[in-house]
Amino acid sequence: MESAMHELDALGTKAKKTKLQLIKRRFYRERQLWFLCIPILFFIFVMQYIPIFGDVIAFMNYIPGQSIWSSEWVGLQHFKTFFESPDFPIIMRNTLAISGLNILFGFPAPIILALLLNELRSKPLRKFVQSTSYLPYFLSWVVVASIAFLLFGNEGVLNEFLQRFGIIKQPISFLGDGGKYYWGILTSLSVWKNVGWNSIIYLSAITSVDPELYDAGKVDGLGRFKSIWHITLPSIRPTIVVLWILSMGNIFSAGLEAPLLIGNAQTRDYSEVIDTYVFKYGLELGNYSFATAIELVKGIIAVSLVFAANRFTKKVMDTSIY
Amino acid sequence: MNTSFAKQSPGGKIFDVCNVILLLVFGVLVFYPFINLLALSLNDGVDALKGGIYIWPRKLSLSAYLYLFQDSRLLSSLTISVMRVIIGTTTCVLSTGLLAYIVTVKHFSGRKMMRIVFIITIYFSGGLIPTYLVFLSLGLTNTFNVYWIPAMFNATWMLYMASYMESIPDSLFESARIDGASELGIFVRIAMPVCIPVFASIAVFSSVSHWNYWLDTVIYNSSGNWDTLPIYLKRMLLEVEALEQLRNPQALSERMRDLSPTTLRAAVTMLVTLPIFFVYPIMQRYFIGGITLGAVKG
């Protein structure tokens with residue numbers, strides 16, 4: 001009995017040893033690759049993962065120059081301050097309005113563009129329109145802002161045009177004027193910037209639709225509009241659904257670049273969004289913990305919205321991203 | 001789709017005509033601002049104040065450009081921008097390419113782990129402030145390095161490059177391995193030359209984003225010592241003092257009296273835009289393949 005136990009033990013250690021040896025040998029054989037991986041892993045840990053852990057300062061009273069370890073834990077105090085501040089409803093309204101308008105117009109626009117481009121018979125024209133359409137995507141937001149000033153400024157093209165045709169007498173301050181036009185301008189600029197680029201993915205989905213379906217549709221007497229509605233659109237539905245789910249994640253990010261450039265003191269009531277608020281309180285005023293707490297709220301809501309949207313489409317349309 | 005035009009019903013023909021008109025209007029809407037900018041930038045500044053310049057410059061003058069190319073601040077931001085594009089793109093393409101190679105070596109036991117570590121960074125990232133604090137403690141703020149070091153490894157581009165490399169027959173790498181080549185050697189001498197198309201497309205993407213990006217200057221390099229060209233333009237657009245400085249009387253010779261903020265802004269905007277116009281045809285050759293590849297891989 002005892003000897004049998006011994007034997008078993010010995011076998012076990014032997015198996016363990018060989019397993020360990022195998023791992024060792026494997027590491028040795030792959031040593032070159034591991035040597036390349038170690039600095040890369042170290043790099044990504046420092047640059048990307050430490051900042052993620054650094055989000056804990058949202059629950060602390062972190063003071064610049066002080067070590068994180070000696071900072072005082074304050075729990076949810078910063079979150080409470082944010083939710084109770086008079087700025088909160090305004091910021092939420094602006095963020096939701098801007099990102100909502102962006103989805104409302106920015107989401108269907110590339111689908112419509114892709115459908116129309118697909119219906120163009122002339123190949124050269126199609127190529128020309130398509131390649132122009134995604135040019136703005138490759139431009140800096142600063143360039144887009146400069147164009148906005150040029151078009152919508154007090155002496156801009158739009159004002160000049162409206163005055164020449166006698167529609168208005170005095171120039172309208174589209175970029176100021178208490179921010180009345182701000183949401184509209186921001187939405188049109190981001191649609192203008194992104195519509196062409198976003199249509200590429202739909203166009204490539206459309207080209208993979210089986211041409212026989214169209215022939216069959218023609219036999220059944222489907223016109224142009226009807227074949228778009230009954231064949232093309234249902235065929236690209238999975239692409240549309242996946243992109244819609246992903247766009248839900250952006251509903252709380254109205255972006256930082258555009259508001260920093262086009263927003264100004266006059267438009268503040270309409271242009272202050274979560275991202276600019278974080279930027280202002282964090283970088284300009286040095287309220288590091290408070291700013292991080294606000295950003296964390298945004299991140300958590302974004303992730304939960306993607307989950308919710310995914311769940312919804314899974315149930316209703318049987319399509320999901322995971 | 002490719003049925004002949006003759007077969008179309010009248011309704012179909014009307015649809016076609018409307019479609020062409022609609023898309024042409026759209027094309028003009030996209031392109032017109034650049035024509036307007038170009039016309040303004042080439043117009044006499046004082047004359048431009050009268051307005052009414054839409055397509056052609058009314059009184060041709062190169063003074064905006066001449067003035068800009070004598071401005072030392074513009075020249076220094078141009079230099080920094082060019083350096084950023086060159087150094088940033090080279091390091092990004094080489095390191096992301098190496099990473100893509102590592103995660104495609106079939107027998108490497110760590111390849112899945114490496115992939116996951118990077119894919120997580122696409123979905124989760126630290127907040128603005130924690131990232132700023134880390135960069136601050138690493139001594140990256142107020143340096144040129146903050147432009148290229150954080151951008152070295154890009155997880156999305158790693159996926160593009162890896163899926164391209166996976167399409168290459170494994171035997172190519174394996175035979176080199178049997179001949180005793182080192183992994184780094186295989187990457188440089190075999191993977192890179194074979195994958196030139198994907199390296200080129202990532203290089204174009206990376207250089208465009210390095211050329212355009214400006215928020216990192218605002219966040220990390222606000223001292224003004226490392227201003228890039230987009231930041232120069234941003235200052236011209238938003239800071240009244242910047243324009244005043246531009247019109248510093250000492251800097252203006254007799255010939256330069258015909259300047260106005262509008263034409264100067266238009267000229268700087270053109271300077272930021274023109275390089276994109278030039279690489280645009282090259283870009284188009286590559287990026288459509290890239291984005292549809294990403295779509296398939298999800």
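1. The score called pLDDT is the predictor's confidence in each residue, from 0 to 100. It applies here since the model is a predicted one. In chain A, the helix with the lowest confidence is α1 (residues 2–29), at a mean of 71, while the highest confidence belongs to helix α2 (residues 31–53), at 94. Over chain A as a whole the pLDDT averages 87, and 94% of the residues score at least 70.

2. Chain B has an average pLDDT of 86, with 87% of the residues scoring at least 70. Two stretches of chain B should be read with caution. Over residues 1–6 of chain B the pLDDT stays under 50, and the model has 10 contacts for them beyond four places in sequence. Residues 292–298 of chain B also have a pLDDT below 50, and this stretch has seven contacts in the model beyond near neighbours in sequence.

3. The division of chain A into domains deserves a comment. Domain 1 covers residues 2–73 and domain 2 covers residues 80–317 of chain A. The C-alpha centres of these two domains of chain A are 42 Å apart. Contact between them involves eight residues of domain 1 and six residues of domain 2 of chain A.

4. How many of the 11 residues of helix α15 of chain A are buried? Eight are, so this helix, which spans residues 274–284, is largely enclosed by the rest of the structure. The buried positions in α15(A) are I274(A), D275(A), T276(A), Y277(A), V278(A), F279(A), Y281(A) and G282(A). After α15(A) comes G286(A), which has a positive phi, near 75°.

5. As to its overall make-up, chain B contains 15 helices and zero strands. Of its 298 residues, 50% count as buried. Among the contacts in chain B with a separation of 6 or more, 71% are between residues 24 or more positions apart.

6. The second largest pocket has a volume of about 920 Å³. Of the 41 residues that line this pocket, F149(A), G153(A), N154(A), E155(A) and R265(B) are the closest to its centre. At least two lining residues come from each of α7 (141–152), α8 (157–164) and α13 (257–262) of chain A, and from each of α1 (10–41), α13 (229–238), α14 (240–246) and α15 (261–297) of chain B. By residue type, the lining of the second largest pocket is made up of 22 nonpolar, 14 polar and five charged residues.

7. L238(B) is placed in helix α13 of chain B. Its contacts, leaving aside residues up to four places away in sequence, are with F149(A), L260(A) and L261(A). L238(B) counts as partly exposed because its relative accessibility is 34%, a value that falls between the limits of 20% for buried and 50% for exposed. One of its partners, F149(A), is also among the residues closest to the centre of the second largest pocket.

8. With a relative accessibility of 43%, L138(B) counts as partly exposed. L138(B) touches V46(A) and M47(A), not counting residues up to four places away in sequence. N142(B) is also located in the loop between α6 and α7 of chain B. The phi of N142(B) is positive, near 55°, although the residue is not a glycine. N142(B) has a relative accessible area of 42% and is therefore partly exposed.

9. Which residues line the largest cavity? They are Y101(B), T104(B), V105(B), K106(B), M165(B), E166(B), I168(B), D170(B), F173(B) and R177(B). Two or more of the lining residues are given by each of α8 (155–166) and α9 (170–178) of chain B. The largest share, three residues, is that of α9(B). The lining of the largest cavity divides into five nonpolar residues, one polar residue and four charged residues. The largest cavity has a volume of about 70 Å³, and a search of the whole structure finds two cavities of 30 Å³ or more.

Notes: Residues are numbered from 1 along each chain as its sequence is written. Chains are lettered from A and ligands numbered from 1 in the order in which they are written. This is a predicted model: local features need pLDDT of at least 70, side-chain atom pairs count only at pLDDT 80 or more; totals for chains, interfaces and linings use all residues. Side-chain values use heavy atoms; hydrogens and water are left out. Buried means under 20% relative accessible area, exposed over 50%, partly exposed in between (1.4 Å probe, protein chains only). Helices (H or I, at least four residues) and strands (E, at least two) are DSSP runs, numbered from the N terminus. On a 1 Å grid over the protein atoms alone, a cavity is a set of points where a 1.4 Å probe fits but cannot get out, and a pocket is an open set with protein on both sides within 12 Å along at least five of seven lines; lining residues have an atom within 4 Å of a point. Grid points are joined across faces, edges and corners, and a volume is the space filled by probe spheres set on the points. Ala, Val, Leu, Ile, Met, Phe, Trp, Tyr, Cys and Pro count as nonpolar, Asp, Glu, Lys and Arg as charged, and the others, Gly among them, as polar. Domain bounds come from an automatic or database domain assignment. Contact means heavy atoms within 4.5 Å.
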